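Hi,

Here is the structure I said I'd pass on.

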Amino acid sequence: MGKPTGFIEYLRELPVDRTPQERVKDWKEFHHHMEDKRLRNQAARCMDCGVPFCHTGKLISGMASGCPVNNVIPEWNDLVYRGLWREALDRLHMTNNFPEFTGRVCPAPCEGSCVLGINNPPVTIKTIENAIVDRGWEEGWVLPEPPKTRTGKRVAVIGSGPAGLAAAAQLNKAGHTVTVLERADRPGGLLMYGIPNMKLDKKEVVERRLKLMEQEGIKFICNANVGDNVEPQLLRKDFDAIVIATGATQPRDLPVQGRAAKGVHFAMEYLTGSTQALLNGGADHAPIHARGKDVIVIGGGDTGTDCVGTAVRQGCKTVTQIEIMAQPPMDRASDNPWPEWPKVYKMDYGQEEAAAKFGADPRTYLTTVKRFGVDAAGAVSEVVTVQIDWQKNDKGGFVPVEVPGTEKVYPAQLVLLAMGFLGPEQMLLKDLAVETDPRSNVKADHGKFTTSLKGVFAAGDCRRGQSLIVWAINEGRGAARECDRYLMGTTELP
């Protein structure tokens, strides 16, 4: 590495975010950039560890450890330290089609498995990745690269989320003619409507990449809902191959008393409507709005955090986030060793903003919902919760057990269900007659991505279940490689 003692000389630094009080007044991204010298110092902390775990991309205890797209992180850290930003960008694009997405919204399992992180704060890998690609766009280094020749083969990609986009980009690079079908009014899938603008800017970041892909020859068709207004079997006749990348968009419900009340919504319905209103020029006219309301968010993951941040920006009266799991410890527990993903307490941007406005972290742990109160008009008026204790059942598995006498009533006029997803929606899969696994996902082995139908491949959350964006990119690239092999007999795609 360029500076063998860098990890000793420099402390970990992160970019300064806009203050919560300032950023909740708009929908702009909340991260500031770091200046060149500080970024190079951070890259110098990469310690020439000999056996780097940061790019391994393995699952340990069911969680990602290392980078799932196998970014060659030590190499581009070294290039940044030496000021070779263009070379660093080329090295980054070798393994990741969309580093401006992962550099903003990936939870950075690479940092969780950084060798320096065994006994010191890890290298700021995510910050450096984002800085590399942002500089590439600013300098004009990221340009359309259409293939020099076309193979004459036509591929349809169903879904334009991260898996679909990665598959489309790679297949186009191989010279195939690619058409991406998206059921929403704009391409981008989860990147467009599942993640709020303050985390991932739609016009300046997402649409910029989509326009470049169009310039490279990829065709996007929106409002194309395969299985509804597009006949799946016709796609098989019109295209030489199909890649299914529809995501896992079937939300987990909460079947308790009062669930049918007005004002109880799935999180994605809420987030999608908010972003659509923003992009259409009227953020205040979102179809589901938190203005002046007591908001309850049920679920503690990234989607729940996005609901909290959105509700605060919309001017909610209060916001409470209900989490069924226990509060994580401040430091790694003994049963959560490196290089596993560190399950430690932190406040994400949404909780920071709620705490700045209301005085405390909005999360309440070890809590579940018993019922919703409903007023005379049929609208939700309150949420009744109870504390739980995780106990082992007779099969040795942990189950939540209610703690007597711990019921609590929260006023609520808006309830958002952010409890994750059960799998892909089934209508398309049934119409195609593609085989599914016991979890209702498309049945296709990782590494091969081939479904039960000849010439039909699957990638991303619709195949593996709800997961990270970086895993979706990994799968999209892998499905493209196997699709290219199917079409041409051999492949040069990575």
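Val 180 has its bridge partner in strand S5: Phe 220. Strand S4, which covers residues 177–181, runs parallel to S5, and 3 bridges join the two. For the terms, two strands pair if DSSP finds at least two bridges between them; helices (H or I, at least four residues) and strands (E, at least two) are DSSP runs, numbered from the N terminus.

Before I go on: this is a predicted model, where local features need pLDDT of at least 70 and side-chain atom pairs count only at pLDDT 80 or more, while totals for chains, interfaces and linings use all residues. Residues are numbered from 1 along each chain as its sequence is written, and side-chain values use heavy atoms, with hydrogens and water left out.

Back to the sheet. It is open, with 5 strands in the order S5-S4-S3-S6-S18 and parallel pairing. At the edges sit S5 (219–221) and S18 (456–458), each of which pairs on one side only. From one strand to the next the twist averages 20°. Helix H18 (469–488) packs on the sheet and touches S3 (154–158), S6 (241–244) and S18; the direction of H18 makes about 165° with that of S6. Axes here are lines fitted to C-alpha atoms, for helices over the stretch in contact, and angles run from 0 to 180 degrees between N-to-C directions. Contact means heavy atoms within 4.5 Å.

Next, the cores. A nonpolar core is a set of buried Ala, Val, Leu, Ile, Met, Phe, Trp, Tyr and Cys residues joined through side-chain atoms within 4.5 Å. Buried means under 20% relative accessible area, exposed is over 50%, and partly exposed lies in between (1.4 Å probe, protein chains only). The largest core has 71 residues, and Ile 132 and Val 243 have the most contacts inside it. H18 turns up again, supplying the largest share of this core with 8 residues. Leaving out neighbours within four places in sequence, Ile 132 is in contact with Trp 76, Val 80, Trp 85, Ala 88, Leu 89 and Leu 92.

Two loop residues are worth a click. Gln 314 is in the loop between helix H14 (302–313) and strand S10 (318–322), and it is buried, at 5% relative accessible area. Not counting residues up to four places away in sequence, Gln 314 touches Trp 27, Tyr 270, Ser 274, Ala 286, Ile 288, His 289, Ala 290 and Arg 291. Gln 314 and Ala 290 are 24 residues apart along the chain, with 5.6 Å between their C-alpha atoms. Asp 48, in the loop between helix H3 (36–44) and strand S1 (58–60), is exposed, with a relative accessible area of 52%.

As for the whole chain, it has 18 helices and 18 strands. The radius of gyration is 23 Å, close to the 23 Å that the globule rule gives for 494 residues, so the chain is as compact as a globular protein of that length. That radius is taken over C-alpha atoms, and the rule is 2.2 Å times the number of residues to the power 0.38. Buried residues make up 53% of the 494.

Cheers
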